[in-house]
Amino acid sequence: MIIRSKAPLRLGLAGGGTDVSPYCDLFGGCVLNATIDLYAYCTIEVIDDGNLTFVASDLNEEFHSDARRELELDGCLSLHKGVYNRIVKQFMQDKPLSFRMTTYSDAPAGSGLGSSSTMVVAMLKAFVEWLNLPLGEYEIAQLAYEIERIDVGWGGGRQDQYAATFGGFNFIEFHENNRVIVNPLRVKNWIISELESSMILYYTGASRQSAVIIDEQVRNTLEENQSALEATHELKAEAYAIKECILKGEIKKFAEHLGKSWNAKKKMAASITNDRIDFIYDTAIIAGAYAGKVSGAGGGGFMMFIVDPVKRIQVVQRLNELGGKVFQVHFTKNGTQGWRA
């Protein structure tokens with residue numbers, strides 16, 4: 001038996017960082033994100049030979065073991081092991097499973113597109129399909145969050161798991177006690193087309209460890225750093241404004257708020273930007289972009305820019321001279337999917 005699954009990566013359009021504890025527990029957070037046609041993939045081959053194999057093709061990493069109740073989280077494919085441990089403990093009454101799992105992602109780790117969280121969602125969806133687990137969208141997203149953030153101990157926010165599970169344009173609210181509300185947005189097709197024509201996705205060529213940036217944000221909140229807190233409050237307010245712009249199709253106004261949002265985000269933690277990111281940003285603006293931001297926690301990975309479509313080519317040409325890679329944005333409406341091959 002062969003089971004496959006995939007989950008879409010996301011672009012953080014507004015509010016990223018307000019979904020991180022303790023900020024969202026104390027003040028409430030909200031993000032606006034949208035999934036794009038870049039995916040994390042998982043294949044499970046059921047081979048009942050008493051062995052267990054994980055292959056991360058894009059990372060050139062493999063793990064082999066006899067099937068057992070619990071695997072040590074030793075740094076080698078810890079996300080894969082974390083998913084396995086939780087499935088066995090929570091749904092299999094500690095009965096080991098024997099199979100071969102192969103995974104890969106369209107985007108590198110540290111890309112700022114939520115790649116690690118999306119991979120956890122894809123792996124969970126494969127198990128849901130294989131074992132007929134009674135998990136809906138909210139349950140899959142919450143379980144993915146618990147595995148990555150609590151079981152494995154990787155720092156980060158909450159938005160990526162929900163974006164990958166639900167798919168499409170979502171305005172997601174985060175409250176205390178892990179209460180999350182996903183509000184799907186009915187964005188008209190012409191607005192989506194205009195966004196795709198107006199948006200440039202640029203990979204800087206440098207991945208980053210988001211946990212370092214997240215840890216700094218957490219410290220700033222706990223220590224009541226007023227500058228960082230006020231910036232986070234502003235980021236949340238801009239998320240509501242950007243949501244309205246998207247729903248109305250006011251792209252240039254969206255770009256204005258995006259620029260304000262990026263300026264606020266840079267005040268949340270010193271490591272969010274650096275000289276290279278600032279240079280890329282300034283280059284794009286000089287070439288004709290309205291505004292832009294780093295997708296995800298910051299520090300590297302992907303950047304997104306909003307441009308007048310008639311000036312798109314000249315901005316792309318300038319960005320291509322900087323050593324990174326330009327991607328065309330295509331939004332997707334579906335969340336994670338699983339099937340039997």
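Which loop is the place of Leu113? Select Leu113 and you are in the loop between strand 5 (99–105) and helix 3 (115–131). We will come back to this residue after a look at the whole chain.

**Before you start**

This is a predicted model, in which local features need pLDDT of at least 70 and side-chain atom pairs count only at pLDDT 80 or more, while totals for chains, interfaces and linings use all residues. Residues are numbered from 1 along each chain as its sequence is written, and side-chain values use heavy atoms, with hydrogens and water left out.

**Show everything**

Start with the cartoon: the protein has eleven helices and twelve strands. Helices (H or I, at least four residues) and strands (E, at least two) are DSSP runs, numbered from the N terminus. Along the principal axes, the C-alpha atoms fill a box of roughly 60 × 45 × 35 Å. The radius of gyration of the protein is 20 Å, which agrees with the value near 20 Å for a compact globule of 341 residues. That radius is taken over C-alpha atoms, and the globule rule is 2.2 Å times the number of residues to the power 0.38.

Of the 341 residues, 58% count as buried. Buried means under 20% relative accessible area, exposed over 50%, and partly exposed in between (1.4 Å probe, protein chains only).

For contacts (heavy atoms within 4.5 Å), take pairs of residues at least 6 apart in sequence: 73% of their contacts join residues at least 24 apart.

**Select 83–168**

UniProt, in an unreviewed entry, lists these residues as "domain: GHMP kinase N-terminal". UniProt positions are given in the numbering used here, feature names are shortened, and annotations may be inferred rather than shown by experiment. The span is 57% helix and 8% strand, and its end C-alpha atoms lie 25 Å apart.

**Back to Leu113**

Is Leu113 buried or exposed? Leu113 is buried because its relative accessible area is 0%. Show its neighbours: leaving aside residues up to four places away in sequence, Leu113 touches Leu9, Arg10, Leu11, Ile36, Leu38, Ala107, Thr118, Ser295 and Phe302. Then draw a C-alpha to C-alpha distance to Gly12, which is 101 residues away in sequence and 7.5 Å away in space.

**On to Leu59**

Leu59 sits in the loop between strand 3 (51–56) and strand 4 (61–66). With a relative accessible area of 43%, Leu59 is partly exposed. Its C-alpha lies 9.2 Å from that of Ser105, 46 residues apart in sequence.

**Backbone stops**

Most residues other than glycine have a negative phi, and most peptide bonds are trans.

- Pro22 is in the loop between strand 1 (2–14) and helix 1 (23–27).
- Asn132: phi is positive, near 55°. Asn132 lies in the loop between helix 3 and helix 4 (137–151) and counts as exposed, at 63% relative accessibility.
- Asn177: phi is positive here too, near 60°. Look for Asn177 in the loop between strand 6 (169–174) and strand 7 (180–184); at 71% relative accessibility, Asn177 counts as exposed.
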